[in-house]
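Please keep the sequence and the coordinates to hand while reading.

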Amino acid sequence: PAITSEPQALLVECDGAGNTLEIEAWLANAGGGMASDLCSDVAWSNDYAGLEAACGATGATTVTFTATDACGNTTSAEAAVTIQDTTGPSISTAASDLTVECDGTGNGAELEAWLLNHGGALATDTCSEVTWSNNYALLEPACGNTGSAAVDFTATDACGNTSVTTATFTIVDTELPQFTALPIDQNSQCEELPFEAFAVDNCSDVEIIE
């Protein structure tokens, strides 16, 4: 048979389930190839045996399409089929800001839990599982042991596509210092007695002003 139109490559976006219908339709149509024979009709066949797996549910292979006439004469042509993933994960729930009361030591446990939970963000991907990372480095210091940091949480699929959601972790100090010893009234005619009072704060040092 004479091939009058070469089979064309198939490139499809990953649907996570093997893109079965698209590939089956492409194979059944001989990749769009056409052939004719002077002596008989032509039948097409192919050697498709599945994709060579790549990232996620993607993959590719080269298929040989064979045109055969009624007498068993054949002519072949090749075309590739490829499932690609160019779409980043879909973030269904954005990361949320978190504000905590200063504990004087950096609120490490609360910060770590927030980072591990990627700020409460959720993401899914059609073609693979999703992994999370973040760019947290340090808090931007404020008064006492307070501070804040804007953190980018990145969802990455198996093919390296990414989506980002951003939230801020903030340590605040809204609690007043607490006196541990109160000043007492004193009467003195001849000399000034020392002023004695003590106070503590969970977020910083305390200055007592007379």
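Leaving aside neighbours within four places in sequence, asparagine 19 is in contact (heavy atoms within 4.5 Å) with Val12, Glu13, Cys14 and Ile83. Asparagine 19 lies in the loop between strand S2 (10–13) and helix H1 (20–28), where helices (H or I, at least four residues) and strands (E, at least two) are DSSP runs numbered from the N terminus. At 1% relative accessibility it counts as buried, the term for under 20% relative accessible area, with exposed meaning over 50% and partly exposed in between (1.4 Å probe, protein chains only).

The model is predicted, so that local features need pLDDT of at least 70 and side-chain atom pairs count only at pLDDT 80 or more, while totals for chains, interfaces and linings use all residues. Residues are numbered from 1 along each chain as its sequence is written, and side-chain values use heavy atoms, with hydrogens and water left out.

**Disulfides**

A search of the whole structure finds 3 disulfides, a disulfide being a pair of cysteine sulfur atoms within 2.5 Å. With bonded cysteines counted along the chain, they follow the pattern 1-4, 2-5, 3-6.

| Pair | S to S distance | Angle about the S-S bond |
|---|---|---|
| Cysteine 14 and cysteine 127 | 2.2 Å | 90°, right-handed |
| Cysteine 55 and cysteine 159 | 2.0 Å | 100°, right-handed |
| Cysteine 102 and cysteine 203 | 2.2 Å | 90°, right-handed |

Cysteine 55 lies in the loop between strand S5 (52–53) and strand S6 (59–69), and cysteine 159 in the loop between S13 and S14, so this pair ties together parts that are 104 residues apart in sequence. Cysteine 55 is partly exposed at 29% relative accessibility, and cysteine 159 is partly exposed at 23%, whereas cysteine 102 is buried at 2% and cysteine 203 is likewise buried at 2%.

**Strand S14**

Strand S14 (residues 162–172) has a covered face made up of Ser163, Thr165, Ala167, Phe169 and Ile171. Strand S13 (residues 147–157) runs antiparallel to S14 and is joined to it by 10 bridges, two strands being paired if DSSP finds at least two bridges between them. Valine 151 has alanine 167 as its bridge partner in S14. S9 runs parallel to S14, with 4 bridges joining them, and threonine 99 has threonine 170 as its partner in S14.
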